[in-house]
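Please keep the sequence and the 3D view open as you read.

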Amino acid sequence: MTRINLTVDGARVSDDVEPRLLLVQYLRERLGKTGTVIGCDTSNCGACTVHLDGRSVKSCNVLAVQADGHEVTTIEGLATNGELHPVQAAFHECHALQCGFCTPGMIMQSIDVLADNPDPSEEEIRLGLEGNLCRCTGYHNIVKAVQHAASTGSSSGTVTS
C-alpha cells in the first residue's frame, strides 16, 4: 500500500492505495465520484476525463499514486453553491446530451479547450474534443454548447476549476 494525499473537488483526502489502482477507480470506488464514468478502460473514449491541476486527463490512464500531491476536479466539483458551471449550463441550454454517458468527460474536456482558446472556431472545438467519443453521435449540439459557452464569456476566468 502507498499513502497518497491530494485535493479532490476542493477537499483534502489522504488514503492508502494499491500502487496499481487507477485514478478513475479511486475516484468512483473510494470517494463516490461516480460522475467520472468508466467507458472503455483503454483511454479511447474520454468518458473518465477529469482535471489534474487544471488540465484534462483521462483518469483511466492515470494511477491514483500519480495524483499524489495534486489537485483533481471531477464533474461533481464544477458547480458552485448549487449553480452549474457555465459550460455545464451551456450543455444544458444547447441540449448537448442524449444518453448522457459521455457528457461528464465532454464537459471536462470542453473546459480545457476553452481555457486554451476562449474563442475557438468550430474546427478547433472538434479537434479539441477529438479524444472524447459520443456513442449517440451528438457532436453537433456538443460543439454548439462549447460555442455558446465561448460566446457568453464563460471562458473568462471561470472555466478552470
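The report below goes from the whole chain to single residues.

**Ground rules**

This is a predicted model, in which local features need pLDDT of at least 70 and side-chain atom pairs count only at pLDDT 80 or more, while totals for chains, interfaces and linings use all residues. Residues are numbered from 1 along each chain as its sequence is written, and side-chain values use heavy atoms, with hydrogens and water left out.

**The whole chain**

The protein chain holds 5 helices and 5 strands. Helices (H or I, at least four residues) and strands (E, at least two) are DSSP runs, numbered from the N terminus. Read from that end, the order is β-β-α-β-β-β-α-α-α-α.

The radius of gyration, taken over C-alpha atoms, can be set against a globule rule of 2.2 Å times the number of residues to the power 0.38. For 161 residues a compact globule would come near 15 Å, and the protein chain agrees, with 15 Å. Its C-alpha trace spans about 45 × 30 × 25 Å along the principal axes.

Of the 161 residues, 45% count as buried; buried means under 20% relative accessible area, exposed over 50%, and partly exposed in between (1.4 Å probe, protein chains only). A contact means heavy atoms within 4.5 Å. Among contacts with a separation of 6 or more, 59% join residues 24 or more positions apart.

**Cysteines**

How many disulfides does a search of the whole structure find? The search finds 0, with a disulfide being a pair of cysteine sulfur atoms within 2.5 Å. Cysteine 60 has its closest cysteine sulfur in cysteine 48, 3.7 Å away, which is too far for a bond. For cysteine 134, the closest cysteine sulfur is that of cysteine 102, at 3.9 Å, again too far for a bond. Cysteine 60 is buried at 9% relative accessibility, and cysteine 134 is buried at 8%.

**Helices and their neighbours**

Tyrosine 26 lies in helix H1 (residues 23-30) and is buried, with a relative accessible area of 0%. Just after H2, histidine 95 takes a positive phi of about 55 degrees.

Glutamine 109 is found in helix H3 and is buried, with a relative accessible area of 14%. Beyond residues up to four places away in sequence, glutamine 109 touches Thr49, Ser56, Gly128, Leu129 and Asn132.

Aspartate 53 is in the loop between strand E3 (49-52) and strand E4 (55-58), and asparagine 81 is in the loop between strand E5 (71-73) and H2.

| Residue | Phi | Relative accessible area |
|---|---|---|
| Aspartate 53 | about 55 degrees | 46%, partly exposed |
| Asparagine 81 | near 50 degrees | 80%, exposed |
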